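Work through the exercises below with the model open. Try each task before you read its solution.

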Amino acid sequence: MSQIAFLFPGQGAQSVGMARQLCETLPAVRKLFDDAAQILSYDLADLCFNGPAERLNSTVISQPALFVSSLAALECLKIGDPSTISGCAATAGLSLGEYTALVFAGAMSFSDGLRLVQKRGEAMQAASDAAPSGMVSLIGLDVAKVEELCVAGRAHGRLEIANLLCPGNIAVSGSREACDAVEQLAEGAGGRAIRLAVAGAFHTDLMKPADEKLAAALDGVSLNSPRIPVWSNVDALPHTDPAEIRDLLVRQVLHPVLWEQTMRNLLAAGFDKFYEIGPGRVLAGLLKRVQRKIDCTNVTA
């Protein structure tokens, strides 16, 4: 019998039109967006369905939008395949997606999760505005080479590894000048560089004081023991203790996302059937770079 794990996407998976069809056909999804509008004080559904893309892609909007749209996809699976929901034994989410995973696992309520995601997005945007910065995805290079490029890039400013996504796909974060430099360095090293459409240097110390604002917001939220383990981006390990989860969510803002190691650890633990739940198909692609023949089903929004 397969061991099932659910994966939830992070920022960058959003697209104009996401969740529209689900909202038109499923009352439970319509309610999610209605409740979100009350909590956020703006019409999230309109931004998801109609854009404009520039606003949907902003950190303060894309994080709540992906959170709600991924839970909308989950509602579709609940109706179409409830046995898969009940059979799921582990969950993880990429960066922002970790909050979606925690709500699915029962560690926090939808309303608390959405408020936290809203405050997280605002805090990360504010930190980005305070220190102009960015992220660059480096394709076709191993960790040792990326670390070498970061050392060279630091001659132009702060630069750190931010996301270890899969073999040959590593994102770095840093000052704009350092990001410009590492793009050139990557091309010279035989790799490919893609500037990411994010506000700043996520998952590095340049996100201070976003972690402090998030810690303050978390203090006002009740966390429960999840019914299934939630695998953390920070240490690539499963967690069920609310105090540990709270600490890891704060640390996640400044810490590299260990996504490849999370996938390897889930595979080593015997998980052999994965579902990517939410907009896009990024996580399925990353997982297949770790284990090409793994069974991964997309439940899209």
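Two strands pair if DSSP finds at least two bridges between them. Helices (H or I, at least four residues) and strands (E, at least two) are DSSP runs, numbered from the N terminus. This is a predicted model, where local features need pLDDT of at least 70, side-chain atom pairs count only at pLDDT 80 or more, and totals for chains, interfaces and linings use all residues. Residues are numbered from 1 along each chain as its sequence is written, and side-chain values use heavy atoms, with hydrogens and water left out.

**Exercise 1.** Find the bridge partner of Lys273 in S10.

*Solution.* Start with the strands: S9 and S10 (residues 295-299) pair in the parallel sense over five bridges. Then go to Lys273: its partner in S10 is Asp295. Now turn to S1, which pairs with S9 in the parallel sense over four bridges. There, Phe6 has Tyr275 of S9 as its bridge partner.

**Exercise 2.** Determine which way the residues of S9 point.

*Solution.* Recall the rule: in a regular strand, side chains alternate between the two faces of the sheet. Lys273, Tyr275 and Ile277 point one way, and Phe274 and Glu276 the other. Next, check burial (under 20% relative accessible area is buried, over 50% exposed, in between partly exposed; 1.4 Å probe, protein chains only). Five of the five residues of S9 are buried, so S9 is largely enclosed by the rest of the structure.

**Exercise 3.** List the buried residues of H13.

*Solution.* H13 spans residues 259-268, and its buried residues are Trp259, Glu260, Thr262, Met263, Leu266 and Leu267. Just after H13, Gly270 takes a positive phi of about 100°.
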